[in-house]
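User: I'd like to learn how to read a model like this one. Could you walk me through some features?

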Amino acid sequence: MNQNIIEAIRNTDKADAYLLSSVQNVAYATNFSGDCSQLLITAAGAYFFTDFRYVEQARMEVKNAEVIMTGGGDRLPKINEYLSGNSIRTLGIEKDDVTVRVFEGYQGTFEPYYSYVDIAENLLVLRMVKTEDELAKIKKAAKANEVALTETLPFIKPGVSELDVRAELEYRMQRQGMDLAFPTIVAAGLNSALPHATPSGYQLHEGDLLTIDFGCRYQGYCSDMTRTFGIGNIDGQRKKIYDIVKHAQESAAVAAVPGADTLAVDAIARDIIAGHGYGEYYDHGTGHGVGRFIHELPVLNPRTSSVLEENMVYTVEPGIYIPGIGGVRIENMHIGGQGSAYTFTKDLILL
């Protein structure tokens, strides 16, 4: 698979050579599971640069590029040796990953007449459709989500804090051999009206809504899941917004199949929520791609049109967030042509 990826990067014809620097994209192209590495792709070959700490690991894992050990401050001069004399004028880099300091290092070390081209979007496009191996890893991460949440639910009750819930949930993810895909969101009561709330010492109360948004990372591939629960009995307004979000999520999910336009899928969820009078309380996209990054292509929002394909992985996650009341988000991760990666119920669970 990875040799084909290197060739696909060359075939973007975006530059004369390509220097990958992010952990995720270097891993995507080479299967390297460490960090502190860069991958240079030229017409003449592919060259993997790392230091003493990772060189033996790289020699075991990287089969499609020459492994070159660097040390101290010689990484960029060593890369420059493989750039020089190859008629290279344009160098593709990941501008999302390269800091100003690193870029200044490129300019000060590499040939001064290079022009730099951003390849971040091209790499995202290449990664949109997953292989069977990638899907297997994503499904394993998704299964770990469900196991961790199921094990955590008996712990959740009035008096337990958001921080306590996060600690219990993350323990149950990590004991399955998972890394965290992103910082876990646990938001209860009024905090649940904040879509990306940071867990706090707030203690759960009877009548609260509790939103948990969390993901696992398995061998570099992410999962993403959100469920909202009621603590004890919740009042009629909170139950109403839960039912609206559930309807919006399920309706959009039915439409999110290969061949569908992402604009249309987003509109289904958005129109349902707006039709019930809550449009002003839903101001984020309906979904996003998932892979080595927790947010990648495709995106499902009211601004971007793209066509869903088989074996793309993407979320469907509408929500309603009302200051002073609370919020609800329900998120499933879907695989194009296969449906949801989760079987965990979307019915309201009262804890």
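User: Which residue is the bridge partner of Leu-210 in strand 12?

Analyst: In strand 12, Leu-210 has Phe-229 as its bridge partner. Before we go on, this is a predicted model, so local features need pLDDT of at least 70 and side-chain atom pairs count only at pLDDT 80 or more, while totals for chains, interfaces and linings use all residues. Residues are numbered from 1 along each chain as its sequence is written, and side-chain values use heavy atoms, leaving out hydrogens and water.

User: What counts as a helix, a strand or a strand pair here?

Analyst: Helices (H or I, at least four residues) and strands (E, at least two) are DSSP runs, numbered from the N terminus. Two strands pair if DSSP finds at least two bridges between them. In general, strands of a sheet pair through backbone hydrogen bonds, either parallel or antiparallel. Strand 9 and strand 12 (residues 225-230) run antiparallel and are joined by six bridges. Strand 8 (residues 185-188) is also antiparallel to strand 9, with four bridges joining them, and Ala-188 stands opposite Leu-210.

User: Is strand 9 buried or exposed?

Analyst: Buried means under 20% relative accessible area, exposed means over 50%, and partly exposed is in between (1.4 Å probe, protein chains only). Six of the six residues of strand 9 (residues 209-214) are buried, so the strand is largely enclosed by the rest of the structure. As a general idea, side chains in a regular strand alternate between the two faces of the sheet. Here both faces are covered: Leu-209, Thr-211 and Asp-213 are buried on one side, and Leu-210, Ile-212 and Phe-214 are buried on the other.

User: How do I read two helices against each other, say helix 4 and helix 5?

Analyst: Two packed helices are described by the angle between their axes and the distance between the axes. Helix 4 (residues 75-83) and helix 5 pack at about 50°, with axes 10 Å apart. Angles under 35 degrees count as roughly parallel, over 145 as roughly antiparallel, 65 to 115 as roughly perpendicular and the rest as oblique; helix 4 and helix 5 are therefore oblique to each other. Leu-76, Pro-77 and Asn-80 of helix 4 make the contact with Gly-105, Tyr-106 and Thr-109 of helix 5. By class, that contact has three nonpolar, three polar and no charged residues. For the classes, Ala, Val, Leu, Ile, Met, Phe, Trp, Tyr, Cys and Pro count as nonpolar, Asp, Glu, Lys and Arg as charged, and the others, Gly among them, as polar.

User: And at what angle do helix 7 and helix 8 cross?

Analyst: The axes of helix 7 (residues 132-152) and helix 8 (residues 162-174) cross at roughly 135° and come within 8 Å. Helix 7 and helix 8 are therefore oblique to each other. From helix 7, Ala-148, Leu-149, Glu-151 and Thr-152 meet Val-165, Glu-168, Leu-169, Arg-172 and Met-173 of helix 8. The residues of this contact divide into five nonpolar, one polar and three charged.

User: Last one, the backbone. Where is the cis peptide bond?

Analyst: The cis bond joins Leu-297 and Pro-298, with omega about 5°. Pro-298 is in strand 14, where four of the five residues (296-300) are buried. For phi, look at Asp-13: its value is positive, about 55°, although it is not a glycine. Asp-13 sits in the loop between helix 1 (2-10) and strand 1 (17-20), and counts as exposed at 67% relative accessibility.

Methods. Axes are lines fitted to C-alpha atoms, for helices over the stretch in contact, and angles run from 0 to 180 degrees between N-to-C directions. Contact means heavy atoms within 4.5 Å.
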